[in-house]
Amino acid sequence: MTLFPPRPRGMKGRARELSTLVKMVSAAAPTRLALVGPGGSGKSMLAAALGYRLLHRFAQIHWFRTAAWDFRTVVEMLALRFGTPRQRDELVPALRRWLSHEEHLIVLDNHEDDRAMARLLQELASTRATFILTARRCLLSGVLVYPVTAPLVTSGRNAFPRVATLTRSLRWSPLALDVANAIVETGAASVAELAAYLASRGVGAVAVMEHEDDLPEVALLVGWAWRHLSSPSRRALAVLAHVEGDHVDQDSLARLARLGASDGETCARALAALADWHLMQEPFRGRYTLHAVVRHAVRKRATIPPRRVFEHYVSMLEQHPERIDLEQTHLFAAMDFAYREGDLVAILRVEDLLRNLEDGQGKLDRPSPTRASRPA
Ligand SMILES: Nc1ncnc2c1ncn2[C@@H]1O[C@H](COP(=O)(O)OP(=O)(O)OP(=O)(O)O)[C@@H](O)[C@H]1O
Ligand SMILES: [Mg+2]
């Protein structure tokens, strides 16, 4: 499994940004650059596209989701991936040596903790690693900040020609336009029908948003899709919205959504519909997730019992400890759930599992419980 996301397909309106960024990074590597902008403005997509454009420039490119992990967890995560020693005294020096041999491009996606990041970048400042962060905010000195806004918004042009007339009502949001574009492209609705639907639901109304993941235009499109999706697709969407780990494979999805695990067909069809309307992301082949904004909208419509997710991943890892590399974030989510519930039996079960995994493999990065709760 490649650990860099697939090359973004269908990225629109970013030619200028990409060529500027390619020059900015190539001319000054090793360097540190943060792509900063609001939720769903397209930072991660741009960072992935940039990685592919810079493939020839760097010996290796890497992708990590950092979220709000603390310093120790982030360095352990890097060490795990690079196979460098993880003993406390050796952890940072070994990473430094490894990153000094040749030029690496390291994307740290969804950066949230400035303090942890400052320490990380400073500790690795003498290496040949170039770091690209994506972040909604970034209060770091010594890092070049490149603002990311919705594609073409500053020039007032349309990045999605098929749904150009929806651009203003969807406030140029590439996330919303991409979903609208996909709905129209599949023939499920015309642009006029979508426009009428959005208007009837008050898309332009002024209201206070709950937080950055609360984008009303995306919520409205999710609402439209919800009414047109089959029940298995809705159930799959609900599971994706409630699982706290990073991404889910088809088998787990089928089980958690009660789609009949033996019947791969039903699940594949359910997922195909979500993929057709760009409601779902596939960050790695065969592993699915939702964008945080879509996730927030779906969570308002459907729920699944969190204990079901806990039970699924904990028993999976008890029976198949070898799956820990792929399913690691689900273990941390299970730990977080057990602590949050104050469920002693669950806490002890996860502790046992962790001990067995560590004994068996000696390679687990263990964040503090609260760190595991951030949605993907
Ligand atoms: N230039 C673009 N062309 C087409 N679609 C885009 C573009 N930018 C973003 N999108 C759509 O919006 C979605 C969200 O983009 P992305 O995940 O890059 O946002 P983000 O800024 O990283 O959000 P967050 O802050 O929540 O991490 C993409 O999955 C894609 O569907
Ligand atoms: Mg992102």
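**Group meeting: rings, cores and loops in a predicted model**

At 30% relative accessibility, valine 153 counts as partly exposed. Hello everyone, and a reminder before I go on: this is a predicted model. Valine 153 sits in the loop that runs between β5 (144-147) and α6. Take alanine 125 as a reference point: valine 153 is 28 residues from alanine 125 in sequence, and the two C-alpha atoms are 35 Å apart in space.

Arginine 171 belongs to the loop between β5 and α6, and its phi is positive, about 50°, although it is not a glycine. Tryptophan 172 is in the loop between β5 and α6 as well, and here phi is positive at about 65°, again in a residue that is not a glycine. Is tryptophan 172 buried or exposed? With a relative accessible area of 14%, tryptophan 172 is buried, while arginine 171, at 48%, is partly exposed.

One more backbone detail. Which peptide bond is cis? That would be the one from alanine 29 to proline 30, with omega near -5°. Proline 30 lies in the loop between α1 (15-28) and β1 (32-36).

Now to the aromatic rings. How many aromatic pairs does the structure hold? There are seven. One of them joins phenylalanine 64 and phenylalanine 82, an edge-to-face pair with 5.8 Å from centre to centre and 90° between the planes. Phenylalanine 64 is in strand β2 (residues 60-65) and phenylalanine 82 in helix α3 (residues 71-82), so this pair ties together parts that lie 18 residues apart in sequence. Both partners are tucked away: phenylalanine 64 is buried at 1% relative accessible area, and phenylalanine 82 counts as buried at 9%.

For another geometry, look at phenylalanine 310 and phenylalanine 337. Their ring centres are 5.4 Å apart and their planes meet at 40°, so the pair is tilted. Phenylalanine 310 comes from helix α13 (residues 306-319) and phenylalanine 337 from helix α14 (residues 324-341), so the pair ties together parts 27 residues apart in sequence. Phenylalanine 310 is buried, with 5% relative accessibility, and phenylalanine 337 is buried too, with a relative accessible area of 5%.

Ring pairs also link Phe4, Tyr52 and Trp63 into a cluster.

The charged end of arginine 81 sits over the ring of phenylalanine 64, 4.1 Å from its centre. So phenylalanine 64 has an edge-to-face partner in phenylalanine 82 as well as that arginine. Likewise, arginine 57 places its charged end over the ring of phenylalanine 58, at 5.4 Å from the ring centre.

On to the packing. The largest nonpolar core has 59 residues, and those touching the most other members are Leu166, Leu194, Leu253 and Leu274. Which helices supply at least two residues each to this core? They are α6 (174-185), α7 (191-200), α8 (216-228), α9 (231-242), α10 (250-256), α11 (264-276), α12 (292-299) and α13. There is also a second, separate core of 45 residues, which includes Val36, Phe310, Val314 and Val350.

Beyond residues up to four places away in sequence, leucine 274 touches Leu229, Ser233, Ala236, Leu237, Leu240, Leu279 and Met280.

Two of the helices I listed, α7 and α8, also make a crossing: their axes come within 10 Å and cross at roughly 115°, and the crossing is right-handed. On the α7 side, Leu194, Tyr197 and Leu198 meet Leu220, Leu221, Gly223, Trp224 and Arg227 of α8.

The loop between α7 and α8 holds glutamate 212, which is partly exposed at 32% relative accessible area. Which residues does glutamate 212 contact, neighbours within four places in sequence aside? They are Arg136, Arg137 and Val293. As for alanine 68, it is 144 residues from glutamate 212 along the chain, and their C-alpha atoms are separated by 16 Å.

My last stop is histidine 330, in helix α14. Histidine 330 is buried, with a relative accessible area of 2%. Setting aside residues up to four places away in sequence, histidine 330 touches Val243, Gly245, Asp246, His247, Val248, Arg287 and Tyr313.

Conventions:
Residues numbered from 1 in each chain as written. Chains lettered and ligands numbered in written order. Predicted model: local features only at pLDDT ≥ 70, side-chain atom pairs only at ≥ 80, totals over all residues. Heavy atoms only, no water. Phe/Tyr/Trp six-rings, centres within 6.5 Å; stacked < 30°, edge-to-face > 60°. Helix = DSSP H or I, 4+ residues; strand = E, 2+ residues; numbered from the N terminus. Buried < 20%, exposed > 50% of the residue type's maximum accessible area, 1.4 Å probe, protein only. Lys NZ or Arg CZ within 6 Å of the ring centre and 35° of its normal. Core = buried A, V, L, I, M, F, W, Y, C linked by side-chain atoms within 4.5 Å. Contact = heavy atoms within 4.5 Å. Axes fitted to C-alpha atoms, helices over the stretch in contact; angles between N-to-C directions. Left-handed = near helix turned anticlockwise from the far one by under 90°.
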